[in-house]
Amino acid sequence: MAQGQPRRREDEWTSLQNRSESKTTMILTRCGKITLAILTMVIAAVIIGLIVYFAACGKSYFYYHISFKINNIDYDSKFAKPYSQEYMDLNKKIVSLINETFHESKLRRQYIKSHVVQVSQAKGKVVIHAVLKFRSCYKNNAAKFWDRVETILREKLTGQTGSLVIDASSFKISDIAMPMAENLLHTCCGRRSITASGNKIVGGQNAEEGEWPWQASLQQNNVHRCGATLISNSWLITAAHCFVNTNNPKDWNVSFGLLLSDPRTQRAIKNIIIHENYHYPAHDNDIAVVHLSSPVLYSSNIRRACLPEATYRFPPNTDMVVTGWGTLKSDGSSPNLLQKGLVKVIDNKTCNSGKAYGGIVKPGMLCAGFLEGRVDACQGDSGGPLVSEDSEGIWFLAGIVSWGDECALPNKPGVYTRVTYYRDWIMTKTGL
């Protein structure tokens, strides 16, 4: 019994100790919960603050036009063509330089993009004209933001600029209004705001907003008749046979946008120029250009396709995309939503074989599709674009939807007007 008492006291001590530890744990646990709650509130406040901050910044945009001379690049007339390789290579160098300048600066979060909009010359050397876009929280202090942008650029242009020898004394900066700036930022041909993939064109798929920004609808008395391709902010290219019934510009208008029922932009037509040697119902020279009554402003959803030079080649089996609002099958219904179809170039020799078109496909024509059928343009797609993407992700206009034996039949691929064959004619009529 006596030996048991100390054990009882030990048990009581252990119990007291456990109760004390339990209380301490409860206090710590409560403190932990309070601390966690406070920490959660702080994090939430920071996140909300950042959201409000960036939302406020995102609502204000500043645009600037800058120019400067490059002393170690001689001017070449090819720089006047924004789709030429020389222009695109130079644009890439300049944009990389500007990107590097601002990504390494305190304005890296505000800087959005830049684009070379023109290359001119001074004393035989290249002069760069570029547009820059920023988001800013300096809505009420535009002058302060301008000063920061100008200071950063001047410091860069007087320092290390890689392989470019820039005349810093020639640097100029000015602000530019948003509509004109956005138009200039999107002047580069053959670029898309989205890059959705996949192949209703017969056997095709629905297109997405901004996926084919050069596609236009030619409408006679506000009813869709043909497709067309934007090749500048004032000119479209299409098929001559679209105007067999009437070529009076007053009978036609143009719309842009994914849905025929909800056009984003519309224009009247100033002039229709049909190839002088087109004679319906023959398919030769099935090409026309359309001059808009007023230019369209380029945007993320309205851009021009690149025109290939006459020497440009689209080899057999090259991937192509044809787009339009034509019927989903021969004599079928027409969609409201723009359709796209993936096809491949078929060489003219194969297309002229006995089981195909038997020799009636001319050099000014291009075949695209599949010998087994499946995917093809159809009625209502006439005049629309057949485009191909190059290794730089730039889309060139290869063909104009012209004719074919019904739609998507085996051994009867679509036949298109070959744009490269008529490149000089296009230049003569439009200056492009």
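**A loop residue, then a helix**

Mentor: Arg374 has a relative accessible area of 47%, so it counts as partly exposed; that class lies between under 20% for buried and over 50% for exposed. Keep in mind that this is a predicted model. Arg374 sits in the loop that links strand E14 (365–369) to strand E15 (385–389). Its C-alpha lies 9.9 Å from that of Gly341, although 33 residues separate the two in sequence.

Now the close look: helix H2. H2 covers residues 85–103. It has 19 residues and spans 26 Å from first C-alpha to last. That is close to the 27 Å expected at 1.5 Å a residue.

Look at what H2 hides. Its buried residues are Tyr87, Met88, Leu90, Asn91, Ile94, Val95, Leu97, Ile98, Thr101 and Phe102. Their cover includes strands E1 (61–74), E2 (111–122), E3 (125–135) and E4 (166–175), along with helix H3.

Stay with H3, residues 142–157. The axes of H2 and H3 are 10 Å apart, at an angle of about 120 degrees. That angle makes H2 oblique to H3. The crossing is right-handed. On the H2 side, Leu97, Glu100, Thr101 and Phe102 make the contact. On the H3 side, Val149, Ile152, Leu153, Lys156 and Leu157 do. By type, the contact residues are six nonpolar, one polar and two charged.

Key. Residues numbered from 1 in each chain as written. Predicted model: local features only at pLDDT ≥ 70, side-chain atom pairs only at ≥ 80, totals over all residues. Heavy atoms only, no water. Axes fitted to C-alpha atoms, helices over the stretch in contact; angles between N-to-C directions. Helix = DSSP H or I, 4+ residues; strand = E, 2+ residues; numbered from the N terminus. Parallel < 35°, antiparallel > 145°, perpendicular 65-115°, else oblique. Left-handed = near helix turned anticlockwise from the far one by under 90°. Contact = heavy atoms within 4.5 Å. Nonpolar A, V, L, I, M, F, W, Y, C, P; charged D, E, K, R; others polar. Expected span 1.5 Å × (residues − 1). Buried < 20%, exposed > 50% of the residue type's maximum accessible area, 1.4 Å probe, protein only.
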